[in-house]
Amino acid sequence: MNIALSAYDSPWYNWTKKERKLIEIITFRSQRASYLSAGKFSYMSLHAFSSILSSAFSFFTLLRRVV
């Protein structure tokens, strides 16, 4: 949402029609959440994916210390 607000707060009303259209696209696309899909089997948000990856890496480093 911060990207959408920043794009909207820029002086877009002084720009050309093409530049205003780009700002409109940026605003609309930034309002949707990003998701990852696993072969149309499962959908996961980017936040959940990074959390799982962080936990897996922590477990891996713990395992390396033990072995």
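## A first look at this predicted model

A search of the whole structure finds one aromatic pair. It is made by Phe57 and Phe60, and the pair is tilted because the ring centres sit 6.5 Å apart with the planes at 40°. For the rule behind that word: rings of Phe, Tyr and Trp (its six-membered ring) pair if their centres lie within 6.5 Å, and planes under 30 degrees apart count as stacked, over 60 as edge-to-face and the rest as tilted. Both residues belong to helix H3 (residues 46-66), where they are three residues apart, or about one helical turn.

A quick word on the ground rules. This is a predicted model, where local features need pLDDT of at least 70 and side-chain atom pairs count only at pLDDT 80 or more, while totals for chains, interfaces and linings use all residues. Residues are numbered from 1 along each chain as its sequence is written, and side-chain values use heavy atoms, with hydrogens and water left out.

Now for the overall layout. The protein has three helices and two strands, and along the sequence they come in the order α-α-β-β-α. Helices (H or I, at least four residues) and strands (E, at least two) are DSSP runs, numbered from the N terminus. The radius of gyration is 20 Å, whereas a compact globule of 67 residues would be near 11 Å. That radius is taken over C-alpha atoms, and the globule rule is 2.2 Å times the number of residues to the power 0.38. Along its principal axes, the C-alpha trace spans about 65 × 30 × 15 Å.

How much of the protein is buried? Buried residues make up 9% of the 67 residues. Here buried means under 20% relative accessible area, exposed over 50%, and partly exposed in between (1.4 Å probe, protein chains only). The table shows where some individual residues fall.

| Residue | Relative accessible area | Class |
|---|---|---|
| Ser10 | 15% | buried |
| Thr27 | 15% | buried |
| Glu24 | 34% | partly exposed |
| Phe60 | 43% | partly exposed |
| Lys21 | 46% | partly exposed |
| Phe57 | 54% | exposed |
| Arg29 | 59% | exposed |

Thr27 lies in helix H2, and its side chain reaches the backbone oxygen of Ile23 at 2.8 Å. Leaving aside neighbours within four places in sequence, Thr27 is in contact (heavy atoms within 4.5 Å) with Ala4 and Ala7. Ser10 sits in the loop between helix H1 (2-9) and H2. Not counting residues up to four places away in sequence, Ser10 touches Trp15 and Ile23.

Which residues form the salt bridge? Glu24 pairs with Lys21, and their closest N and O atoms are 3.8 Å apart. The structure holds one such bridge, the term meaning a side-chain nitrogen of Lys or Arg within 4 Å of a carboxyl oxygen of Asp or Glu. Both partners lie in helix H2 (residues 17-30), three residues apart, which is about one turn of the helix.

Finally, Arg29 also has its place in helix H2.

Methods
A polar contact is a pair of N or O atoms within 3.5 Å; within protein, one must be able to donate a hydrogen and the other to accept it, and residues adjacent in sequence count only if both atoms are side-chain atoms.
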